[in-house]
Amino acid sequence: MFEVFMYPVSGIMKFWHWLIGSFVDESTAWLVSIILLVITVRGIVSPLNWMALRSGRISVLMRPESTRINEQMNHAETTEEMAELIQKQQDLSKSYNYKPAAGCIPPLITIPAFLGLYQVILRMSNIEQGSSTVGMLDAADVAAFRETTYSGVPITDFARDHGDLLNPIVIAAIAFTLANSIISVVRSFLTTQFDQKVNRRIFIIIGILLIVAPILLWYLAHSGPLPVAIILYWGWAYLFTLVQTIVFEILLHKRYPLTEEVHEMRRESIRAWRQKDKKPALSKEEKKRVNRLRLEARKYLRSNNQQEGPTASE
């Protein structure tokens, strides 16, 4: 199953090793190829990460107006009125160039990259030197990689056997992760609607991960089957992520600052949560009526768009 992930990862490493192999020795070339793998993968994903972060911020900036439209929808009486509100909501999204699906793309790249790297290194650690190929790495590449060392330790050795040597890297990776998590928690606090149960629980989970993630990373580094090369990858990957997060936060603050209306909505949500002041929910009959109107309104809008299409082309 994981073989498909090994080929692009091993191909990137082989390319960088080939490119810089003429300037440094074999061992250094493989070590640098791991760093350049981080830069390559994270560099490809960075624009997508920005799109996801921007999309989330825009959804927050849209929230006051979007909330008002949703409340009006709950009181719509006719199909035409509901259609007008749906169109208004669509126009709002278009005016902000809102793309909610953007947040789903980065994990589709970063997770396979990590799995591919882990499988490449793990398989090279478990085979005899020069006896097989791994991904796009031939037998000679595998043999050279297995001879690569970091401070005298083969990078295919398990990190748990060299804790003293790797502790500085692990601690640095944990520090980078912790700093990145703190920035994420602060960002989430400024944008979470605390009177909504799902949003509140997501914020609590993020806060718990702030504590659990460093402990988990330390445990995996000292007890898990992680080669030294993975620890090196961790250190550079989390450093890259932290730098990226700081840059993105600066861009968000300058280009998409939170409005006072957004801050007031958050403060009001905290007051409502603390006072257990729940908004009156629609009855089952009202929900059915609103959903029926939405369905009819969407059909009404599609019908109008189909009729306007030929007219516009004429």
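**Nonpolar core and helix packing**

Q: Which residues touch the most other members of the largest nonpolar core?
A: In this predicted model, Met 13, Leu 117, Ile 155, Ile 231, Tyr 233 and Trp 234 touch the most other members of that core, which holds 41 residues.

Q: And which helices each supply at least two residues of this core?
A: They are α1 (3-20), α2, α4 (106-125), α5 (139-146), α6 (163-191), α7 (197-223) and α8.

Q: Where does the largest share come from?
A: Helix α8 gives the largest share of this core, with eight residues.

Q: Turning to α2 and α8, at what angle do their axes cross?
A: The axes of α2 (residues 26-74) and α8 (residues 228-255) cross at roughly 30 degrees and come within 9 Å. Because angles under 35 degrees count as roughly parallel, α2 is roughly parallel to α8.

Q: Is that crossing left-handed or right-handed?
A: The crossing of α2 and α8 is right-handed.

Q: How do the residues of that contact divide?
A: The contact of α2 with α8 has 17 nonpolar, five polar and five charged residues.

Q: New topic: which residues does the UniProt annotation "transmembrane region" cover?
A: According to the unreviewed UniProt entry, that annotation covers residues 29-53, 101-121, 169-190, 202-221 and 233-252.

Q: What is the chain made of over residues 169-190, helix or strand?
A: That span is 100% helix and 0% strand, with its end C-alpha atoms 32 Å apart.

Q: And how far apart are the end C-alpha atoms of residues 202-221?
A: They are 27 Å apart, and the chain there is 100% helix and 0% strand.

Key. Residues are numbered from 1 along each chain as its sequence is written. This is a predicted model: local features need pLDDT of at least 70, side-chain atom pairs count only at pLDDT 80 or more; totals for chains, interfaces and linings use all residues. Side-chain values use heavy atoms; hydrogens and water are left out. Axes are lines fitted to C-alpha atoms, for helices over the stretch in contact, and angles run from 0 to 180 degrees between N-to-C directions. Helices (H or I, at least four residues) and strands (E, at least two) are DSSP runs, numbered from the N terminus. Angles under 35 degrees count as roughly parallel, over 145 as roughly antiparallel, 65 to 115 as roughly perpendicular and the rest as oblique. A crossing is left-handed if the near helix is turned anticlockwise from the far one by less than a right angle, and right-handed if clockwise. Ala, Val, Leu, Ile, Met, Phe, Trp, Tyr, Cys and Pro count as nonpolar, Asp, Glu, Lys and Arg as charged, and the others, Gly among them, as polar. UniProt positions are given in the numbering used here, feature names are shortened, and annotations may be inferred rather than shown by experiment. A nonpolar core is a set of buried Ala, Val, Leu, Ile, Met, Phe, Trp, Tyr and Cys residues joined through side-chain atoms within 4.5 Å. Buried means under 20% relative accessible area, exposed over 50%, partly exposed in between (1.4 Å probe, protein chains only).
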